[in-house]
Amino acid sequence: YLQLPADLTKMHLTDNPHPQVTHVPSSQSGCSIASDSGSSSLSDIYQATESEMGDVDLTGLPEAPVDSEDEEEEEDEDIDRTSDPLLGRDVVRECLEKEPADKTDDDIEQLLEFMHQLPAFANMTMSVRRELCSVMIFEVVEQAGAIILEDGQELDSWYVILNGTVEISYPDGKSESLCMGNSFGITPSLDKQYMNGVVRTKVDDCQFVCIAQQDYWRILNHVEKNTHKVEEEGEIVMVKEHRELDRSGTRKGHIVIKATPERLIMHLIEEHSIVDPTYIEDFLLTYRTFLTSPLEVGNKLLEWFTVDSLRDKVTRVVLLWVNNHFNDFEGDPAMTRFLEEFEKNLEDTKMKGHLRLLNIACAAKAKWRQITLQKPSRDSPLFFSLLGGSDKGFGIFVETVEMGSKAAEVGLKRGDQV
């Protein structure tokens with residue numbers, strides 16, 4: 001099974017991951033070439049057409065107050081503070097030093113952000129980490145050489161090292177050093193457990209978080225109750241985790257944390273939980289890591305398009321795909337053919353509004369490119385046909401390109417504007 005990021009809602013996307021390209025007015029629109037676009041919503045497709053309307057008359061609109069220079073300086077200071085990793089750790093320490101009952105949702109989010117980097121929490125689900133963060137207690141041992149646990153001492157907590165190094169000296173003479181992110185102490189059980197070896201600090205200012213045995217057992221023992229497993233023909237094909245995004249209980253539901261590639265594709269057209277509203281966008285961003293070809297998704301979408309009840313969902317997936325990852329199509333002739341087939345399906349089913357959105361999305365992502373097509377002689381065929389011109393009242397576009405021809409090889413595509 002394939003492991004997806006534990007908390008997909010934390011992913012931040014940039015609208016400009018690559019250097020800026022000079023925009024061309026619609027009257028001089030270039031050919032539709034591959035463009036590395038950032039993630040954006042369907043509303044951005046409409047915004048792409050605003051530039052075609054010329055300057056907008058803003059008279060009559062209420063004036064908004066302009067930020068003063070003092071406010072800008074304060075904002076710069078805030079940015080400087082948040083970008084300082086040491087200050088970031090100070091914020092985490094403030095959250096840790098609070099009693100468990102006094103920790104707010106914001107405190108727990110700060111702790112989650114910090115704890116997910118530590119190996120001790122690596123294989124835990126988000127709900128388990130969240131509960132552990134809500135009950136953990138902060139401890140500091142200032143002196144190097146201090147004994148934390150004696151050999152044979154009864155254990156009552158699970159420890160995770162946040163700063164410094166400890167050494168475990170075993171009775172057989174062997175020793176082991178543990179550093180930041182490592183853990184020691186009890187296992188998730190209510191049975192009496194005893195320390196094997198002596199644990200002592202190796203440096204000054206060793207910092208730990210401790211979780212009591214009862215809490216550690218309760219949280220890890222109940223993890224199964226928070227998951228829902230989907231089985232097909234006796235095999236688990238999907239695992240969902242129940243999450244609550246706040247303590248009010250208004251934002252809770254199941255989120256996919258693990259599935260086979262086939263089930264991940266199928267989930268594109270299924271109902272998505274309130275705690276996982278961006279599943280489609282996240283899938284389109286990450287599918288390259290677990291699928292060998294985007295056609296695996298494209299072929300299923302074309303198949304589902306024939307089902308009336310799924311048509312709108314399929315169309316939404318394709319529109320998001322085109323708008324957010326246009327180079328997936330133009331960089332792959334097979335995906336270009338998929339897009340043409342999907343366009344034909346929209347025409348056949350008279351989904352004119354969705355067809356217009358598709359055309360707008362493609363036009364919004366188009367940028368200039370230069371193609372050189374060499375002919376052995378003036379009379380040799382071009383292997384492509386054009387449509388439009390001044391007599392038609394619109395620009396000159398490529399109508400058809402013969403498959404396998406020189407024109408296709410150099411990258412000429414149907415819909416290109418000359």
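1. Two strands are taken to pair if DSSP finds at least two bridges between them, where strands are DSSP runs of E of at least two residues and helices are runs of H or I of at least four residues, both numbered from the N terminus. By that criterion strand β5 (residues 166-169) is joined to strand β8 (residues 198-201) through 4 bridges, and the two run antiparallel; within this pair, Ser169 stands opposite Val198 in β8.

2. Please keep in mind that this is a predicted model, in which local features need pLDDT of at least 70 and side-chain atom pairs count only at pLDDT 80 or more, while totals for chains, interfaces and linings use all residues. Residues are numbered from 1 along each chain as its sequence is written, and side-chain values use heavy atoms, with hydrogens and water left out.

3. As an overview, the chain has 14 helices and 14 strands, and 37% of its 418 residues are buried (buried means under 20% relative accessible area, exposed over 50%, and partly exposed in between, with a 1.4 Å probe and protein chains only). Taking contact as heavy atoms within 4.5 Å, 64% of the contacts between residues at least 6 apart in sequence join residues at least 24 apart.

4. Strand β5 also pairs on β6 (residues 175-178), again with 4 bridges and in the antiparallel sense, and here Ile168 has Glu176 as its bridge partner. The hairpin formed by β5 and β6 has 5 residues between the strands, with Gly173 in the turn at a positive phi of about 95°.

5. An open sheet of 4 strands has the order β2-β9-β4-β7, with antiparallel pairing. Strands β2 (137-141) and β7 (183-185) stand at its edges with a single partner strand each, so one side of each is left without a neighbour in the sheet. Neighbouring strands are turned by 30° against each other on average, direction ignored (axes are lines fitted to C-alpha atoms, for helices over the stretch in contact, and angles run from 0 to 180 degrees between N-to-C directions).

6. Within this sheet, β4 (residues 157-163) is joined to β7 by 3 bridges, the two strands running antiparallel, and Val160 stands opposite Ser183 in β7. Helix α6 (residues 213-221) lies across β4 and β9 (206-212), at about 65° to β9.

7. A further run of strands begins with β10 (residues 227-232), which 6 bridges join to the antiparallel β11 (residues 235-244), Lys229 having Val239 in β11 as its bridge partner. The two form a hairpin with 2 residues between them, and Glu233 in the turn has a positive phi of about 55°. Strand β11 also pairs with β12 (residues 252-259), antiparallel over 7 bridges, with Glu241 opposite Ile255.

8. Which residues of helix α9 (residues 295-305) are buried? They are Val297, Gly298, Leu301, Leu302, Trp304 and Phe305, and they cover an arc of only 165° around the axis, which puts them on the same side of α9 (the arc is that of the directions from the helix axis to the C-beta atoms). An α-helix has 3.6 residues a turn, so residues three or four places apart point the same way. The cover over the buried residues of α9 includes α7 (261-266), α8 (279-286), α10 (311-324) and α12 (333-348).
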